[in-house]
Amino acid sequence: DVTGVQTCALPIYMLASKLTRTNAAAYLGVYYNYIEPAFPNIYLHQVDSPVLEKFVEAIYKLPKPATYKTARRVIEKIKRFLRYCLENKYHHNFESALNFKLHTKLHLVPDDDELRFEKKTKVISPTEAAYILNFLYQ
């Protein structure tokens with residue numbers, strides 16, 4: 001619903017200040033993979049911290065469950081939508097939802113640090129990249 005009455009219909013054009021094809025694909029992926037199957041069909045003014053907590057629990061139980069990192073990013077996108085709603089006066093109080101912190105809900109945080117923290121990717125040099133590309137084309 002474009003008017004922002006239902007939370008299950010998050011209009012893609014509302015979620016990013018500059019919408020590119022890549023951004024739209026990312027938001028659509030989040031919507032179809034996590035929000036549509038797991039977010040409760042409630043009114044916008046009912047979204048609060050407990051709703052987000054139950055939503056994270058639900059996306060962990062999907063047939064293709066979300067990882068902790070994915071859950072954090074999905075929550076960030078939902079909060080971005082809620083801030084958009086505040087700015088455009090669709091509703092005036094999302095304080096509980098906007099103060100939701102996934103890392104403080106210890107039952108939702110994995111015990112394994114490998115799953116909890118993002119991995120640092122080693123950047124290869126242009127010489128190494130050229131070697132790999134040359135190897136692949138042979």
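Let me start with the chain as a whole. The protein chain has 6 helices and 0 strands. Read from the N terminus, its elements run α-α-α-α-α-α. How much of the chain is buried? Of the 138 residues in the protein chain, buried ones make up 35%. The accessible surface comes to about 9500 Å², and carbon and sulfur atoms account for 56% of that surface.

Next, contacts along the chain. Take the contacts between residues at least 6 apart in sequence: 57% of them join residues at least 24 apart.

Now to one pair of helices, H1 and H2. Helix H1 covers residues 21–38, and helix H2 covers residues 49–60. At what angle do the two pack? The angle is about 120°, and the axes lie 9 Å apart. The crossing of the two helices is right-handed.

Which residues meet there? On the H1 side they are Tyr-34, Ile-35 and Ala-38, and on the H2 side Phe-55, Ala-58 and Ile-59. Sorted by kind, the residues of this contact are 6 nonpolar, no polar and no charged.

Staying with helix H2, please find Ser-49, which has its place in that helix. Is Ser-49 buried or exposed? Its relative accessibility is 13%, so Ser-49 counts as buried, the cut-off being under 20%. What does Ser-49 touch, if we leave aside its neighbours within four places in sequence? Ser-49 is in contact with Ser-96, Ala-97, Phe-100 and Lys-105.

Arg-80 is found in helix H3, which covers residues 68–87. Its relative accessibility is 34%, and because that value falls between the 20% and 50% cut-offs, Arg-80 counts as partly exposed. How far is Arg-80 from Leu-98? In sequence the two are 18 residues apart; in space they are 9.0 Å apart, C-alpha to C-alpha.

To go over the main points once more: the predicted model has 6 helices and 0 strands. H1 and H2 cross in a right-handed way, and their contact has 6 nonpolar residues. Ser-49 counts as buried, whereas Arg-80 counts as partly exposed.

Technical notes:
Residues numbered from 1 in each chain as written. Predicted model: local features only at pLDDT ≥ 70, side-chain atom pairs only at ≥ 80, totals over all residues. Heavy atoms only, no water. Helix = DSSP H or I, 4+ residues; strand = E, 2+ residues; numbered from the N terminus. Buried < 20%, exposed > 50% of the residue type's maximum accessible area, 1.4 Å probe, protein only. Axes fitted to C-alpha atoms, helices over the stretch in contact; angles between N-to-C directions. Left-handed = near helix turned anticlockwise from the far one by under 90°. Contact = heavy atoms within 4.5 Å. Nonpolar A, V, L, I, M, F, W, Y, C, P; charged D, E, K, R; others polar. Areas by Shrake-Rupley, 256 points an atom, 1.4 Å probe, with all protein chains shown as cover.
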